Amino acid sequence: MSKRKIEKVAVLGSGVMGSRIACHFANIGVEVLLLDIVPRELTDKEKAAGMDIQHPQVRNRIVNDSLAAALKSNPSPIYHKSFANRIETGNFDDDMAKIADVDWIIEVVVERLDIKKKVFDNVEKHRKPGTLVSTNTSGIPIALMTEGRSEDFNKHFCGTHFFNPPRYLRLLEIIPSPHTDPEVIDYLMEYGSRFLGKETVGCKDTPAFIANRVGVYSIMELFHIVKEMELSVEEVDKLTGPVIGHAKSATFRTADVVGLDTLVHVANGVKENCKDDERNDVFAIPDYVQKMVDNNWLGSKSGQGFYKKVKGESGKSEILSLNLETMEYAAAKKVSFPTLEMTKGIDNLEKRFPTLYGGMDKAGEFYRKSFQGLFSYVSHRIPEISDELYKIDAALRAGFGWKLGPFEKWDAIGVEKVLEDMKKADIPVSPWVAEMVESGAKSFYKLEGGRKSFYDIESKSYKPVPTLEGQVFTDHITGDAVLWKNAGTTIKDLGDGILNIEFHSKMNTIGGEVISGLNKAIDMAEADYKGLVVSNTGDNFSAGANVGMIFMMAAEQEYDELEFAVKSFQNAMMRMRYSSIPVIAAPHNMALGGGCELCMHTDKVVAHAELYMGLVEFGVGVIPGGGGTKEFALRAAEEMKDGDIRINTFRNRFLTIGQAKVSTSAYEAFELGYLRQGIDEVIVNRDDQVAYAKNAALSLANKGYTKPIKRKDIRVLGKEALGIVNVGAHSMMSGNYISEHDQLISEKLGFVLAGGDLSEITEVSEDYLLKLERKAFLELCAERKTLERLQSMVQKGKVLRN
C-alpha cells in the first residue's frame, strides 16, 4: 500500500447516501467535512425567528437537517453517538475552500451529469494537487465526468459506488476512468477493504457496473416469471429468501424497501444503454409494475407496494400482499411447497441447492427456470462487465446479501448437470463454460492448500482469489489442518502454533457438544500449541444455549442434571480464563447470553465492529448462569470507588443485565461493560478478524504467557447493595411496572451481584460467586413463570441466549 494517508475527507452532498457515507468515515476515526447547497428560501420557523438568508443557521440548514435525520434513523449509521462529533458541516458557497485541507473528496450529489460537472468545476478551484476525487454515481459513465477536467484531477479521479446503507452493506465498487492512475485504484481497493471494512470490487465502466447489473436483472426476471408461472408475491418471497441464502426480505419485500421507482430507474437505464444485451427484454417494465409506479405504490417510502401494512379489525397491525392479477390487497397466505419441506433437515446451504433445483413440484420448476436464466446471464457478462468470474460473485454477496453468488450457486448444483439441462431447454450459455468443462475443469471454484481458487477464462487455469496479505479464512482450511471435530465444533490448525475452534451448531448455540469441544481445544493447545482462537464463519458468533434442553430438564424437574449442565458451562468458562495458553475470542454479529459470557472469560476479544452483544437471560426468566453474573460482579468491583460512586457502579451493572441491554456495535459493548477498555479491540473488516486474533494470541504467547491466578479478592457490597435492589424491585412491582416474577428475578440477580446478604463489604472468590449464580439460576428454573417463558421460546423455535 502506498504511503498516502486518509485523515480527512470531504463528502459533497448530504442526502440519504452522502450523510451515511460521512457517518461511516466518522465510524473509523476519520475527520469529515460534509457540505451541501444553501437553501433558496426561508422556512416559516426561520421567518418567525427573524432570520435572513445570510444567517449561518439558515445557510447550513439542509446539511444539518440531513445529518440529523441520518443519525436518528434506524438502524443507526454510526457505531457510537459520540462519533458524530467527527463530522463538520457546511455549504458549497461558504465552505468549499476547506476542501483544500482534505485527502479525499467524494461527490454524492443528485444523479445528473450536468450538476455533477458544476460541482467538479467548483472542486477544481480549491482542490490541492494529488487529492483523491471520486463520485458515488450508481450508473452515469465515469468517463463522461472527466470531460473538461485537468490532468491532475483525472489522474486521481474514479468511481466509488457505496451501497446503501454504507455501514451495513459491504460492497464498494471501484470504477476507473481511462485516465485514472492505477496506483489510485490499487490504493482505494486496499483502503476500502482494510479501513472501511468493505468488499472492494474493481469494476469496468459499464452500465450499472456489476452488482446492480446482475442483481436488478435477477429481480426483473422474477417480475416476469411470477406472471408466467402464476405465482403469488408470498410464494416468490418464500422461494427466494433464506432458503437460497438470500435476505429475509427476499424479492418483493426488498423491492419495497429499495423503492420500486429506484428499481425501475436502474432497469430503464440498463435497457436504454445496453442495446446489445442478449436479455435486454428482461429489463422491460411489466404492466403491473408500471401500474404500481403510476399509482405511487412505491413500497415503504409511499406506505404501500407489494405489501401494505394496515390495522386489522382487532386493532392489531396486519400485513396485506398485492394480488398481481386483481391489483388488490389481501391478507398474506401461508406458503408451502414439498420441495421446501425436503430441505428442512439440510442446514448446509450448498448441499441444499441440488434438492431445490431437482424438486418435482412447482417450486422445483421455479428454481430451474430462474437459476438457468441467471446462470446464462452471468456467463455472457464475461468479459463485458468483468474479466474474472469471482468479482461477480463477490459483488452480489456484498451488495445484495446473497450468501452464494451466481457461479457459487452453479457449482453447488453441479456445473455439468445444469449445462446439460440448459442445452436441452435451448437456453444459451457463453461458449467459455463448455470449453472449461471439456478441458477437465468441472467447477468454477476449488480449494487448494487452504486457498480458494477460481477458473480464469483467459489462461484456462485456476488462480487464487485475491485477498489482502495475511488474511485467514477458516472455511478454506481443510485436510490435515482439521485436527478434531464433533457434532458441534471443529478444531483447526491456523499455523504458527495457534488453534482455532469454530462452532457449527444451529445458530452456533452452546450446548454439550460445544462445551466438550472447548475443553478438547484447550487440552490440545495446552499440550502442543501456543494459543487458541474462538471464531467461526457463521451468520452469528453465538446466539446462546438451546432453550429446549433447559426447558426439558426444568419441566421434568431433573435438577441434578440441570445443575450438572450449568456447572459444566461454568467450568468450561473458567478453564478458558485460567488455562496455561492465551485464549482469544473473535465475535461478530450476535454474541448473546452464553456467547457473551464466553467472550468475557477470554484473555482478549478481537471484536468485529458489527457486534450485538449482551446478557439477555432476564427476558426468559433467569439470570446469566455461565459465569456472566459473576463476571459482572468482578468487573464492578474493579471499577468501584468509595461512597455514592460504588453504588452507582453497582446499579449500572445491575441494570445492564436486568434490562437485557444489547450493544448495537462493538463500541457500545465497551460502554455496557461487555468489552474492556485497554484490553479488547475492534476491527472493521471481518476478513482481517481471524488473522488479527491469531496474531494477538501469538503476541501474548511470545511475551511469556503465564497462567492467571484465580481471583479471591473480589469486593462485594453485601446488604448495602442488596437493600437498594430489594426496595427498588418492590417499588417497581407495586407501581405495576414489573410483574412479581420480574421482581423475583431482580432480587436473585441483585443477591448474586451483591455477593449475598453479607453484613459488610467483603472480599470473596470467583468460586463463591459462581456457586451463588448457579443456585439462583436453578431456583429460577423451578418457577412456573420461568417454565412458561421457556416453553414459549421453544414453541417459537428460538434459543435461550445464555
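# Close-up views of a predicted model

**View 1. Thr629 in helix H26.** Thr629 is found in helix H26, which spans residues 628-639; helices (H or I, at least four residues) and strands (E, at least two) are DSSP runs, numbered from the N terminus. The model is predicted, with local features needing pLDDT of at least 70 and side-chain atom pairs counting only at pLDDT 80 or more, while totals for chains, interfaces and linings use all residues. Residues are numbered from 1 along each chain as its sequence is written, and side-chain values use heavy atoms, with hydrogens and water left out. Thr629 has a relative accessible area of 0% and is therefore buried (buried means under 20% relative accessible area, exposed over 50%, partly exposed in between, with a 1.4 Å probe and protein chains only). A polar atom of the Thr629 side chain lies 2.8 Å from the backbone oxygen of Pro624. This is a polar contact, that is, a pair of N or O atoms within 3.5 Å; within protein, one must be able to donate a hydrogen and the other to accept it, and residues adjacent in sequence count only if both atoms are side-chain atoms. Apart from neighbours within four places in sequence, Thr629 is in contact with Ile623, Pro624, Ile657, Leu749, Val752, Leu753 and Glu773, where contact means heavy atoms within 4.5 Å. Thr629 and Gly750 are 121 residues apart in sequence, and their C-alpha atoms are 9.6 Å apart in space.

**View 2. Leu749 in helix H31.** Leu749 belongs to helix H31 (residues 740-753). Its relative accessibility is 0%, so Leu749 counts as buried. Not counting residues up to four places away in sequence, Leu749 touches Ile623, Thr629, Phe654, Ile657 and Gly658. From Leu749 to Ala22 the separation is 727 residues in sequence and 42 Å in space, C-alpha to C-alpha.

**View 3. Helix H32.** Helix H32 (residues 766-781) has 16 residues. From its first C-alpha to its last, H32 reaches 22 Å, close to the 22 Å expected at 1.5 Å a residue; the expected span is 1.5 Å times one less than the number of residues. The buried residues in H32 include Glu766, Glu773, Arg774 and Cys781. Leu769, Leu770, Leu772, Ala776, Phe777, Leu778 and Leu780 of H32 are also buried.

View 4. Helix H4 (residues 61-72) has twelve residues, so at 1.5 Å a residue it should span 16 Å, in agreement with the 16 Å between its end C-alpha atoms. Arg61, Val63, Leu67 and Ala70 are the buried residues of H4. Their cover includes helix H1 (16-27), strand S2 (31-36), helix H2 (44-48), helix H3 (56-59) and strand S3 (87-91). The axes of H1 and H4 come within 9 Å and cross at roughly 65 degrees; axes are lines fitted to C-alpha atoms, for helices over the stretch in contact, and angles run from 0 to 180 degrees between N-to-C directions. H1 and H4 are therefore roughly perpendicular to each other (angles under 35 degrees count as roughly parallel, over 145 as roughly antiparallel, 65 to 115 as roughly perpendicular and the rest as oblique). Ser19, Arg20 and Cys23 of H1 make the contact with Ser66, Leu67, Ala69, Ala70 and Leu71 of H4.

**View 5. Helices H17 and H19.** Helix H17 (residues 362-380) packs against helix H19 (residues 406-413) at an angle of about 125 degrees, with the axes 10 Å apart. H17 is therefore oblique to H19. On the H17 side, Phe371, Leu374, Phe375, Val378 and Ser379 meet Pro406, Phe407, Lys409, Trp410 and Ile413 in H19.

**View 6. His246 in a loop.** His246 lies between helix H11 (233-239) and helix H12 (252-258), in the loop. With a relative accessible area of 15%, His246 is buried. The side chains of His246 and Lys409 are joined by a polar contact of 3.0 Å. Not counting residues up to four places away in sequence, His246 touches Thr240, Gly241, Gly401, Trp402 and Lys409.

**View 7. Thr180 in a loop.** Thr180 sits in the loop between strand S7 (171-176) and helix H9 (182-194). Thr180 is buried, at a relative accessible area of 10%. The side chain of Thr180 reaches the backbone oxygen of Phe157 at 2.6 Å, and a polar atom of that side chain lies 2.8 Å from the backbone nitrogen of Ser177.
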